[in-house]
Each structure stands twice: as C-alpha cells, then as structure tokens.
There are 2 protein chains.
Amino acid sequence: MPEWRKDPLVDRWVIIATERGKRPSDFKIKPDEKKGGRCPMCVGHEKDTPPEVAAFRESGSAPDAPGWWVRVVPNKFPAVRIEAQPGIRRHGIYETMDGLGAHEVVVETTEHEKNLEFLPAHQVEEVIWAWQQRSLDLRRDARFKYIQIFKNFAQTAGASLEHPHSQIVALPMVPADVAAELDGMRRYAQNTGRCIICDLLGQELAEKQRVVREGEKFVALAPFASRFPFETWIVPREHQHDFAALRPDQVADLARVLRSTLRALHDCIGEPPYNLVLHTAPINDAAEAMHYHWHLEILPRLTVMAGFELGTGYFINPTPPELAAQVLREEETRAFTPIYAQPGREVAQYV
Amino acid sequence: MPEWRKDPLVDRWVIIATERGKRPSDFKIKPDEKKGGRCPMCVGHEKDTPPEVAAFRESGSAPDAPGWWVRVVPNKFPAVRIEAQPGIRRHGIYETMDGLGAHEVVVETTEHEKNLEFLPAHQVEEVIWAWQQRSLDLRRDARFKYIQIFKNFAQTAGASLEHPHSQIVALPMVPADVAAELDGMRRYAQNTGRCIICDLLGQELAEKQRVVREGEKFVALAPFASRFPFETWIVPREHQHDFAALRPDQVADLARVLRSTLRALHDCIGEPPYNLVLHTAPINDAAEAMHYHWHLEILPRLTVMAGFELGTGYFINPTPPELAAQVLREEETRAFTPIYAQPGREVAQYV
C-alpha cells in the first residue's frame, strides 16, 4: 500500500511508494555529453566573465587573472539586475516591479572536470566560505530580503555550463517556499516553545531509520516526506537560523558531510543530476527570522515533475526515504583531512 | 530590464525576461524516439489493462473489447489506491495516511500516433466528456476532496507511454496549489464582491495583449505572470466553479479552443513537451468552492525547473507572455465542425 506523508513544515503531501521502492539500479542515467568549446570559467579565461566580485586567490595575484582557487563573478546573463529600483507598480489587477536583484556565479574550482563531490574536502570548505562571504556582503544592500544559494548539476537539473559552479540570487522579497517554512517553524515554536527542526533531528537520531550521515556538527538525513528519490537534507545539529553565522568548526564538518553524501549519491546511482538548495533565514527586517533553522537540500532529479506535481504542488516519490537512507549509508564514507589557511593564500573581496 | 510579476492569485513572483525574449526558434526540441513494442492502450489489447471503468463505445460492443473511441481504465501501477482507508496517523512529529485515492487513465483515441491536437474536434469533445463523467462519478465517494485531471505529453513532461492519454487522480485532500488559488479568489471576492478571474478576463479582453484565442464560451490567454514560455490558460467566460458543470455548448467551444491552441503550439515550436492541468473547485464539503473559477492550464516544458525554482517556488521565464500570445495568435486558427451523438454509438459506464 502506498503511503501519504505530510511534510512537517508546510502543506505538502507526498505519495511514497512503499512497495516495490525504486532502488538505484532502477534509474537510468545518461550523463551529459561533453560540450567542448571554450569554457569561460577555466583558468586563463578570466576576461570572458564580468569582473570578479570576490575571489580566494594567491597573494599578489591580480583580480581577473590566474591565481584563484574560488572565484565569484556576476552572471553574464543575469535573471535580475542590481541597478533596478524597488517599488511595486500596479497595472489594473496586476502587480509588477523592476527586475531588482543580484545574480552571481561561484566558480567552485579551477578543475573543469571535477564536480563538488570529487574535490578535496578543503576545497569544498572554500566553496562554503565563498557562499557565506557573498551572503554577508549582499545583505548590506537593504533592498534585499533573501539570498538564494543553489547549484544545478547536469542538464536535467538545469545546468547550462559544465564547469563546476553554484549560483547566488539576492531577492527583494522572501520567497514563498521559505516564507511557508518559516510560518511552519514559527507556529510550532508558538505552540511548543521549541524548534521543529531541532525536535525532528532528535526523533531522527533516536530512530536512525532515515539518517544518512552523522557528522559532529551536521546530520544528513532523508526527509520523512521526501519529494524526490534520494532527497537528502543536511541540517546543523545546533539551532542556527542564519547560514552566514557558520563557524570554522562547522564549515569543516559541513564540507565533509556534504562531500561524502554527494559522493555516495554519485557512487550509488552514477552521476545523477541534482540541485542543491540552501534554505536559510530571510535577511534585513524579518522579525521572526530567528525561528528558522537553516539547512541544505540535495534534490536528485531522477523523476520528472509532471502534471500531477504541477497541478497539486504534491509529489509522487517512488523511493521510500528509509530505503534511500539505507543505500546511502551503506556506501563507504570517504573522509578527507581538511586543510585551510595555507600560507601565501589570501581572501580578496572587491565591491 | 527584466521584470518581476506577481501572480494575481497566489504568492508567486516570476522574473520575466522582457528583453531578448526567447522566441520559438530559440528552443531546441528533440522529439521522443519511438519506443515500439506492444502498446497496452491500442485496439485489440484491451486485456492488457485493468478492466475499463467507463468507455464510449459502439452499441452492442462488449466491455474490454474493440468498439470504443474513448476508454477509461484504472492505472495498472496506481500511485494511490481506492481500497485504502482514510484517517491520519501520527508518528512522533510526523503525519501519515494510507495511500487513499483513485488513479485512472483516459485513453483519448484509438490512434496510437495522433496526439490531442491532431484529433478532430469532435474527438477532443469526447475526451472532455470522459473527464467530466469520471469527475462526476468519482465524487460520489465522499472520501475524496479533489479530482486532479492532467495530461503529460512527451518524456520531458513525464509521459511514459506514447499512446495519447490523460490521467485522473482523486485525492483525499485539497491540494496546496488549488487551496492557495481558492484562498486568493475568496479574499478578492470578500474585498470586492467580484470574482478575480472574471475581472482578469475583462482586463485581458480589453487590452488584447495576452489573448491567444477568443471562443464564444472560452478565452485562451497567456497569463500575466506566466511561469513557463508559452504557458496558456483556457478560461470559461462565465463564472463557473466546477468543471463538471460544463454544458454541451461549452464542451464544443472548449474542444475547439483547446485543440486550436495546442495545434498552434505544435506548429510554432515543433512537438513541445507539455503538461495539461485542470484546476477546478474542490468537491464534497468545500463550503467556499463557489468562489473558484475553473480553468485549464497548458504548461509547455521548454525550460528546466532548477535550483532557483525548487528553492524559492518562484520562476524565471525567458519568454514574455505578450510575445507568446502574439506568436500563438498569428498561427492560423484551424476550426473543425464538431460532430457528436452519432447514431449507433453509446456511452457505457461500469462501476
């Protein structure tokens, strides 16, 4: 018998196929064909992108020149523009606004062929630090209410360039999905005096059915009402509403847990397309932001969102999260020793 | 400058690329490879499916045998089951329920290769009648609160079988997306005493910027805050909350407008994958259902829902709806004379 499961935060029911749950071998993945051609993110092609807004690079190296190991540039084809003005205009019953926002690209490595899960853990840490620094910098613009950090891997998940990269979009409003989660968290806090994600972590760590990885500071788990096969969330053990409040000890552990989870996904399923979505508290004048408990969502794209999903907002998931967690747990955890703050390297930020 | 547009019904902002808007030729479509093999929906293979629950077939022809022109069967691999029991169970902080529901398949034609837009209009009418009849029949089960009718065309839009078909899922709850629309419609009605969709139609018909087709009873339009390139909604001109209240004169016009719009999409873009999603009022004990104004959404799948969409619930649409409407309007309208109620044909329903 299939099972309806309700997301504990928002109005979202998922149909979980509890019998005949789809295992990794049931998904056929066709890795993207390599495109070839000149890559604007590779070393030596720095002039192919708009001037960098931040970079981690060797001391003495010039902006927009080699010597970097993580580089952040404005998107050459931005969905939104920083030079726009806020302010809603009415057009009859409709509301519209200039396309205000910021849209940046984080080049995660100099290595064109090495996606996040194949980078050494210390390089994954550098990517996380870049996300954090841009998040702190962009919020200085009081017009922005939310910073959406995400990554699309492979064409099926929306990636148009091969070189490993993530994206940052600063928005002039709190997105509906985050607002709904925040509502759910606030309601629970008002009723119980506790954080629902903290409680959820407690239940998951007691049951161990859906736990994928247990780091010292972070837990990776397959959500009870997973929308996608092998969906995995990485959640800080302590209540922390703002991703940008990450400390160095947390970054090191997050990098290990993220890398190891993505690597297990890759090794189990074989280069699955996926999206990474960082959900964190709204910035600038969100009075209730402290109720939020930030988390990173890994969303493998092995199924198609079709008429049912687009019509209802609900999902059909053919892989029970308990099965997904078991499969991912069984993959050997690969641990790397983090190395940071090497001599002769510096953090450069230009704004 | 790109533009943020807010959906008039729900909390959904869309970034519309108003410059360099993507035209049909900017989308590369690779039609699905034909799979071959035995088709369980073709004439003569009626025993390959579960026994039919309804069919339009020639007088004297036997159930589950040739002689039908539209056939409705339970899904062989149902996402939900009619024999399940309602009732929410708690598991710590989580809620779960047996996979209650109904999941049916509407075989839209005997012709394996002819998708909806290539059928004669009278056959499209028959498909609409089948949707309506199943909707009326399924609501007799008081456990169901909503009937989601949808169609997935091509693999990119989630179709797993080639033979033209649509699907019907009866749900034990009102889906979040429909509930949110109903909320928006009710709020507007409370504030103004009017229906927002009726007002919206008035504004669209006055401006003519986003109108795609004007039928006698239905209007096809590109929504102001379209999520997808060439998204088109078909809306009844009169306020009607329940799709199943359709009258014969409406069915004839809806078939013409739907077919002509889908055909224009096909002719402009070249076999685009799409989802059809019918949004109608909740059934059984939804006190405010009369505020709803039902509509049919055509959602071409020319872009990928990626990290931004999955993280925020908002969308980036590279084709302004004004451009989409203009392109679709310019395609010649192909009209067919409807033919129904031919002698020697009957409607059979077995429950």
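In chain B, strand β1 (residues 3-6) and strand β2 (residues 13-16) pair in the antiparallel sense over 4 bridges, strands and helices being DSSP runs numbered from the N terminus (E, at least two residues, for strands; H or I, at least four, for helices), and two strands being taken as paired if DSSP finds at least two bridges between them. Within this pairing, Arg5(B) has Val14(B) of β2(B) as its bridge partner. The model is predicted, so that local features need pLDDT of at least 70 and side-chain atom pairs count only at pLDDT 80 or more, whereas totals for chains, interfaces and linings use all residues. Residues are numbered from 1 along each chain as its sequence is written, and chains are lettered from A and ligands numbered from 1 in the order in which they are written.

Both strands belong to an open sheet of 5 strands with mixed pairing, in the order β5(A)-β6(A)-β1(B)-β2(B)-β15(B). Its edges are formed by β5 (89-91) of chain A and β15 (315-317) of chain B, each of which pairs on one side only. Neighbouring strands of the sheet are turned by 30 degrees against each other on average, direction ignored. Strand β1 (residues 3-6) of chain A, in turn, runs antiparallel to strand β6 (residues 94-98) of chain B and is joined to that strand by 4 bridges, with Glu95(B) as the bridge partner of Lys6(A).

The contact between the chains takes 56 residues from chain A and 56 residues from chain B, where two residues are in contact if their C-beta atoms, placed from the backbone, lie within 7 Å. On the side of chain B that touches chain A there are 31 nonpolar, 14 polar and 11 charged residues, with Ala, Val, Leu, Ile, Met, Phe, Trp, Tyr, Cys and Pro counted as nonpolar, Asp, Glu, Lys and Arg as charged, and the others, Gly among them, as polar.

Helix α4 (residues 248-269) of chain A has 22 residues and reaches 31 Å from its first C-alpha to its last, close to the 32 Å expected at 1.5 Å a residue. Because 16 of these 22 residues are buried, α4(A) is largely enclosed by the rest of the structure; a residue is buried if 20 or more other C-beta atoms lie within 10 Å of its own. Gly270(A), which follows α4(A), has a positive phi near 90 degrees. In helix α6 (residues 321-330) of chain B, the buried residues include Leu323(B), Val327(B) and Leu328(B), and the buried residues of α6(B) pack against β10 (211-214), β11 (218-221), β12 (232-236) and α4 (248-269) of chain B.

Conventions
Expected span 1.5 Å × (residues − 1). Buried ≥ 20, exposed ≤ 12 C-beta atoms within 10 Å, placed from the backbone. Axes fitted to C-alpha atoms, helices over the stretch in contact; angles between N-to-C directions.
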